[in-house]
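Me: I have a new structure to get to know. Can you walk me through it?

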Amino acid sequence: MVDVKKEKKMNTTTITSITAPSVSIVLSDEVREHLRRHFDGDLPGSKFYAATPDELLQLALNCFPYTIANATANADGLKVVQLRFDKKIGTCNVVPVDVLTDDERATLHTVPRGETLARCATSHRVFPTSECTLIIDGSNYLVTAYPGEAAPPLPPSPDVPDPYWDRHVFIEQPA
């Protein structure tokens, strides 16, 4: 259930914790559009079970208000908030290469993902997760959110060495 006391201003929605009303996150229409890839859409990657970003943020704020409120900013001024729910909240379709079967490794290929390219493997398996990562700026505006552990941004190409993305791939479900 999304808090009906949301405040809409200048193409943003402020979502407030029901359990700690002094804690809130601001969601812009631009970020809401960016997040569609984690709720629906055809891009490979992790997906939330929640129907909308508002529903997910309300759940996070209600369950973890003080974790969100007390998060500290990194050198870039961003708060990377790792949450672990008591239930599965989505699928994490970014997995270590070493958990792939030989058949799945044989499907490795590169696909466009936004403005970059990403390595993908095809699998019938589903990788449920109870983890969620929120990235919030210093004014409590949501920058992004995704199911699963914190992951660095994709490099511009899979050919660019990266300690994380050299060992992880996106999972695509077969058509």
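Predicted model: local features only at pLDDT ≥ 70, side-chain atom pairs only at ≥ 80, totals over all residues.

Me: Which residue does the side chain of Glu-33 meet in a salt bridge?

Reply: Arg-36. The N to O distance is 3.0 Å.

Me: What else does Arg-36 form a salt bridge with?

Reply: Asp-40. Their closest N and O atoms are 3.6 Å apart. Asp-40 has a relative accessible area of 38%, so it is partly exposed too.

Me: How many salt bridges does the count come to?

Reply: The count comes to 7.

Me: Tell me about another one. What does Arg-105 pair with?

Reply: Arg-105 forms a salt bridge with Asp-102. The closest N and O atoms there are 3.3 Å apart.

Me: Where do Arg-105 and Asp-102 sit?

Reply: Both are in helix 4, which covers residues 102–105. They are 3 residues apart, so about one helical turn separates them.

Me: How exposed are Arg-105 and Asp-102?

Reply: Arg-105 is at 31% relative accessibility, so it counts as partly exposed. Asp-102 has a relative accessible area of 63%, so it is exposed. The cut-off for exposed is over 50%.

Me: Which residues do salt bridges with shared partners join into one network?

Reply: Asp-29, Arg-32 and Asp-54.

Me: New topic. Where does Ala-151 lie?

Reply: Ala-151 is in a loop. Strand 12 (142–147) is on one side of that loop, and strand 13 (168–172) is on the other.

Me: What does Ala-151 touch?

Reply: Leaving out residues up to four places away in sequence, Ala-151 touches Tyr-146, Tyr-164 and Trp-165.

Me: And how far is Ala-151 from Leu-56?

Reply: Their C-alpha atoms are separated by 19 Å. Along the chain, Ala-151 and Leu-56 are 95 residues apart.

Methods
Residues numbered from 1 in each chain as written. Heavy atoms only, no water. Salt bridge = Lys/Arg side-chain N within 4 Å of Asp/Glu carboxyl O. Buried < 20%, exposed > 50% of the residue type's maximum accessible area, 1.4 Å probe, protein only. Helix = DSSP H or I, 4+ residues; strand = E, 2+ residues; numbered from the N terminus. Contact = heavy atoms within 4.5 Å.
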